[in-house]
Amino acid sequence: MKFAYRFSGLLGTVYRRGNLSFTRDGSSLISPVGNRISVFDLKNNKCETLPLATRLNIVCVGLSPDGRLAILIDEEGAALLVSLIGKCVIHRFYFHKPVHSISFSPDGKKFVITKDNVALMYHAPGKKREFNAFVLDKTYYGPYDETTCIDWTDDSKCFAVGSKDTSTWVFGAERWANLIYYSLGGHKDIIVACFFEENSLDLYTISQDAALCVWQCDTELDGLKPMPPKDATREKNAEENDEEFLEEPKGEEIHGKANPNEQETRCKVKYSRVAKYFFNKEGDFNNLTSAAYHKKTHLLVTGFASGIFHLHELPDFNLIHSLSISDQRIASISINCTGDWIAFGCSGLGQLLVWEWQSESYVLKQQGHFNSMVSLAYSPDGQYIVTGGEDGKVKVWNTSSSFCFVTFTEHTSGVTAVTFTSNGYVVLSASQDGTVRAYDLHRYRNFRTFTSPRPTQFSCLAVDSSGEIVSAGSQDSFEIFIWSMQSGRLLDVLSGHEGPISSLSFNPMKCVLASASWDKTVKLWDMLDSWRTKETLILNSDVLVVAFRPDGKELAVAALNGQITFWDHENAVQTGSIEGRHDLQMGRKELDKITAKQSAKGKSFTTLCYSADGQSILAGGLSKFVCIYNVKEQILMKKFEISCNFSLDAMEEYLDRRKMTEFGSMALIDEGAGGEDGVAIPLPGVKRGDMSYRHFKPEIRVTCLRFSPTGRSWAATTTEGLLIYSLDSGLIFDPFELDMDITPGNIHKTLHQKEYMMAIIMAFKLNEKKLIQEVVEAVPSNEIDVICSSLPELYVEKLLEFLASAFETSCHLEFYLIWAHKLLMLHGQKLKTRSVKLLPVIQFLQKSIQRHFEDVSKLCEWNIYNIKYALAISQQRGMKRLAEETSVDEDDLDSDSDYLMQEVHKDSLSS
């Protein structure tokens, strides 16, 4: 079995913190999720998490105007330059201080970051190879407090920076004679956002107390004058002197003054405040937390701490609509390039919403589990994953799109276990609220609720292979309850354990239930023999988890002493054991008094799972590592590090001595003054603020592991979310059955020899989209029928997928329609047998054809109407007709126009 599993997706978490940003075409949304970024393709309804990660949680993302590059900056100011096309890290850089915001100039030549009270302008990484991708150009000083936001003018000549000291500064990207810096006041609270008007220096500034100032500039962008050149010799001497003292060339520094003298302001750009508006009604104290502005449509979107957002039209400040989308603060807002879609991120609940404001409907509405996930299960076909969380919610996820498509909220307490029945249409969940619930995935409803005679907390759940018998283990009464799925009645209560039931597992091949308990035993119950105990396996330590091999012939048991033992349950004989405690490699928590090595002695595996072929076993626990063991050899095959995010606790083996003081660890101290993430510690006598609210670092742990029924992937519920590791992680260069002879040169040669089918197969093996397009379009239309009939079945699916994507961009409409028609007519019956797998491709094809049909039919109808009208006018001009003649002429006109209509229809189809 292969072990080349690679990270392929993050489900269950859609947004943590940081700024949302739309891609250049406006159809995809980039969202920071912890220390990774997810790209949500809103048109194709897919989500992809890039296989790269920063060391800490991402705070801000800067997207280049061409959409090829992104700069990700974490909590400590470490930056990654990332290619969104190659999905890889190009360069790493460290800004040494936390960065508040980043913004590329519209021309893509510069980018500005704000940290502390300065703004730093760098040359943007170019398309050529460079030794250092980040070269500092200028440093701008001016604000007295931390800088918060950036906005550029459309021509990249100037940018504005907002600050916590309530001022906004306008700086020139170049040294303009009439604008080097300009300071604007007028607010009483932190500046949340500032925006330039389209092709203008006019500015809008928005503060946290929900006030908007409109600033008018007396100069247009064209009126900015370049600085006269200095004496060249003096400049050269200065440069030589600089080089003597500096090892590294430093950028130019610009120091702004809040109150410049009259001489400095003479002949310079002047701003005047035209208007000031307030969002809150009198008596309201609703903090404004985020804002976005679309320059072309003059649309301003503002988000508030109470979860309300407003849409206003500027500069008149007309309210378009106001809605509440959450009860948590809106942390980030972004508008796409067309101004139709607005994205909102709420970090409190981890919500991500995309709202189409004109139709007042959701394009995307996703939310992860509020607390950590506890359990997961794959559906029998591997298409869906169900997860249960401590927030009492049960969510079902689609593995291909990575979206949650249904959430069940019936439980009133934390969910402890979830599972699918063998038919894949029923999901079961056990909870600490004393119920086991069954959900129907056809109608999305809770159709059965199983309860015990006395209220009890259920800790584990199992369903037999037929889906008829449901069992759940109790935490407090030490009993196992058995129900019938058909009637919902309690069939039996199995007692015998002397401690809480920790795990249940049904044998896939026989009617035998294995139950593990903290009383150091595993009991096997025979369903056919009136649920009597068939066997009791005694272990040396409390049993935490039990799992049957897929063929039902072996039982794996993980105990509190860190051992995994394997049993032949038929003969009650132990066949092997793995000492796994050293492989867990525990980290040390910030407040731990003992070392990681010492604390690891009390830790063990809490979740086990056999691979689909039963040769390997997957194990995880309170650690950042997941281990795969070979069952037969009982050795560690591979270890996966599921997270490198140091924003989580228990990640490091040794504590940083710099964080230790004579009074204890620095982690005990809560810094911050109640800002965005700081703790509001009030003054004596002040009632506002909550002393119980404290920062906490979630601890890294793996709560549940499951292998996909196909064996191609496995999933883990962790502190970070639901991680998928797969053998089929998509690459950019993804050849298919490639061999030595398949090169672009050979494909062109085969095409030149008119061996079209061979050329198509070779092109698909190389899997380069442009090459496939070239080969397919080189096939004469009269040869399509022959090629389609002799094309191997394997390539029919690939060709259909290519046609579906080609319809989106190609102008050869009729040509591709012939291809699609011939393929479906000749291979329709064979494709029907794989309909479930092919459904997305067929739907994509149908969607593309339908869109073209609507566009072309409208255009043809309009053209036919215009031609009829033109003919009618031309025949009437300059003629005075008798009544009889006109009636005859009209008949002729109709026949002529009908003939023309047919001709136009033929032309439109051939085009």
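Predicted model: local features only at pLDDT ≥ 70, side-chain atom pairs only at ≥ 80, totals over all residues.
**Helix H6 against helix H9**

Two packed helices are described by the angle between their axes and the distance between the axes. Helix H6 spans residues 756–766, and helix H9 spans residues 793–809. Their axes come within 11 Å and cross at roughly 75°. H6 contributes Ile761, Phe764 and Lys765 to the contact. From H9 come Tyr795, Lys798, Leu799 and Phe802. Sorted by class, the contact has 5 nonpolar and 2 charged residues, with no polar ones.

**Aromatic pairs**

The count of aromatic pairs comes to 45. Two of them are set out here.

| Pair | Centre to centre | Angle between planes | Geometry |
|---|---|---|---|
| Tryptophan 169 and tyrosine 181 | 6.3 Å | 40° | tilted |
| Phenylalanine 279 and phenylalanine 317 | 5.1 Å | 75° | edge-to-face |

Where do tryptophan 169 and tyrosine 181 lie? Tryptophan 169 is in strand E16 (residues 168–172), and tyrosine 181 is in strand E17 (residues 181–184). The two are 12 residues apart, and the pair links distant parts of the chain. Tryptophan 169 and tyrosine 181 are both buried.

The phenylalanine pair sits in loops. Phenylalanine 279 is in the loop between strand E22 (271–278) and strand E23 (288–294). Phenylalanine 317 is in the loop between strand E25 (308–313) and strand E26 (318–324). The pair therefore ties together parts that are 38 residues apart in sequence. Phenylalanine 279 and phenylalanine 317 are buried.

**A cluster and charges over rings**

One aromatic cluster is formed by Tyr5, Phe7, Phe640, Phe707, Trp714 and Tyr725. Phenylalanine 7 also has a charge over its ring: the charged end of arginine 36 sits 3.9 Å from the ring centre. Arginine 55 lies over the face of phenylalanine 646, with a distance of 4.4 Å to the ring centre.

**Alanine 514**

Is alanine 514 buried or exposed? Buried means under 20% relative accessible area. Alanine 514 has a value of 0%, so this residue is buried. Alanine 514 belongs to strand E44 (residues 512–517). Beyond its neighbours within four places in sequence, alanine 514 is in contact with Ser503, Leu504, Ser505, Lys523, Leu524, Val546, Phe548 and Leu555. Threonine 536 is 22 residues from alanine 514 along the chain, and their C-alpha atoms are separated by 9.5 Å.

Definitions and conventions. Residues numbered from 1 in each chain as written. Heavy atoms only, no water. Axes fitted to C-alpha atoms, helices over the stretch in contact; angles between N-to-C directions. Helix = DSSP H or I, 4+ residues; strand = E, 2+ residues; numbered from the N terminus. Contact = heavy atoms within 4.5 Å. Nonpolar A, V, L, I, M, F, W, Y, C, P; charged D, E, K, R; others polar. Phe/Tyr/Trp six-rings, centres within 6.5 Å; stacked < 30°, edge-to-face > 60°. Buried < 20%, exposed > 50% of the residue type's maximum accessible area, 1.4 Å probe, protein only. Lys NZ or Arg CZ within 6 Å of the ring centre and 35° of its normal.
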